[in-house]
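Okay, thanks for having me. I'd like to walk you through one model today, and I'll give the cut-offs as we go.

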Amino acid sequence: AAGTGEFEAGISKNGQTREHALLAFTLGVKQLIVGVNKMDSTEPPYSESRFEEIKKEVSSYIKKIGYNPAAVPFVPISGWHGDNMLEPSTKMPWFKGWAVERKEGKADGKCLIEALDAILPPSRPTEKPLRLPLQDVYKIGGIGTVPVGRVETGVLKPGTVVVFAPANLTTEVKSVEMHHEALQEAVPGDNVGFNVKNVSVKELRRGYVAGDSKASPPRGAADFTAQVIV
């Protein structure tokens, strides 16, 4: 928020601008867009110097976190008035547009929607072994035991013989569903429920990891490296 005092609050030691940028990076968000909002309430309104001041300070902060500012579009906008949201604003003739450079190529534009369109879709790690940590396990009348979780890597299909670590339980997947629709395959990022044969709810629990029993199933490890967010 570009308003007088608002940006200063957000970028202060415990401000939300800092917190959100750090959280995004820590949680693995690789691509960032900085929308400098409320440009209509700067002093004077739609101030170029205020935008440049904010751009300089935020660039410096996100660089410290680990982002490359050259790959981050900065767009001066007013959500309230719609400036530079969907089409270029006449109120900021000084803004010649945003431009980014990244290893996948360059991109540029004038508005926020173009910056959103320039986001590169992440590749889904479908070629890696199946790993699906369980978030919950349900017993559904007429269907049976339904573990629920998100596919992290690999592909889950009906008919797959899965093994649950660390209990070392093996069973066949009867069906896979997402949002109450049957799937022929679930890929990384999909939150799914899947029906398993001959396993009771009591044998499975949150935190178990499902893998393909025939292709690099999950195993115990002597040690591991973790990133812990406190």
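Let's start with a pair: which side chain meets that of K38 in a salt bridge? The partner is E6, with N to O at 2.8 Å. By salt bridge I mean a side-chain nitrogen of Lys or Arg within 4 Å of a carboxyl oxygen of Asp or Glu. K38 sits in the loop between β1 and α3 while E6 belongs to helix α1, so the pair ties together parts that are 32 residues apart in sequence. Helices (H or I, at least four residues) and strands (E, at least two) are DSSP runs, numbered from the N terminus. Both partners are partly exposed, K38 with a relative accessible area of 34% and E6 at 33%. My cut-offs there: buried is under 20% relative accessible area, exposed is over 50%, and partly exposed is in between, using a 1.4 Å probe and protein chains only.

Some housekeeping before I go on. This is a predicted model, so local features need pLDDT of at least 70 and side-chain atom pairs count only at pLDDT 80 or more, while totals for chains, interfaces and linings use all residues. Residues are numbered from 1 along each chain as its sequence is written, and side-chain values use heavy atoms, with hydrogens and water left out.

Back to the charges. How many salt bridges does the structure hold? Eight. E8, R50 and E53 are linked in a network of them. Further along, R150 and E152 meet at 3.1 Å, N to O; R150 is partly exposed at 35%, and E152 is partly exposed at 34%. Then there's E185 with K157, where the closest N and O atoms are 4.0 Å apart. That pair links distant parts of the chain, 28 residues apart: E185 is in the loop between β9 and β10 (191-196), and K157 is in the loop between β6 (144-150) and β7.

Now the inside. A nonpolar core here is a set of buried Ala, Val, Leu, Ile, Met, Phe, Trp, Tyr and Cys residues joined through side-chain atoms within 4.5 Å. The largest one has 30 residues, and M39, V58, I62 and W98 touch the most other members. Elements giving two or more residues to this core include α1 (6-11), α2 (16-26), β1 (34-36), β2 (74-76) and α4 (112-117). Which element gives the most? That's α3, with six residues. As a general point, nonpolar side chains in soluble globular proteins tend to be buried together.

Take M39 as an example. Leaving aside neighbours within four places in sequence, its contacts (heavy atoms within 4.5 Å) include A2, P45, F51, P76, I77, M92 and W94. Apart from this core lies another one, of 21 residues, among them V173, F194, Y208 and A210.

A word on α2. Its buried residues are A21, A24 and T26, and α3 is part of what covers them. Just after α2, G28 takes a positive phi of about 95°.

The peptide bond from E43 to P44 is cis, with omega near -10°, and P44 lies in the loop between β1 and α3. A165 and P166 are also joined by a cis peptide bond, omega about 0°; P166 lies in the loop between β7 (161-165) and β8 (169-178). N84, in the loop between β2 and β3, has phi of about 60°. H180, in the loop between β8 and β9 (181-183), has phi near 65°. Buried or exposed? N84 counts as buried, at 2% relative accessibility, whereas H180 counts as exposed, at 76%.

Last, the record. In the model, residues 13-121 are 32% helix and 15% strand, with the end C-alpha atoms 32 Å apart. Residues 144-209 come out at 0% helix and 48% strand, and there the end C-alpha atoms lie 19 Å apart.

Key: Contact means heavy atoms within 4.5 Å.
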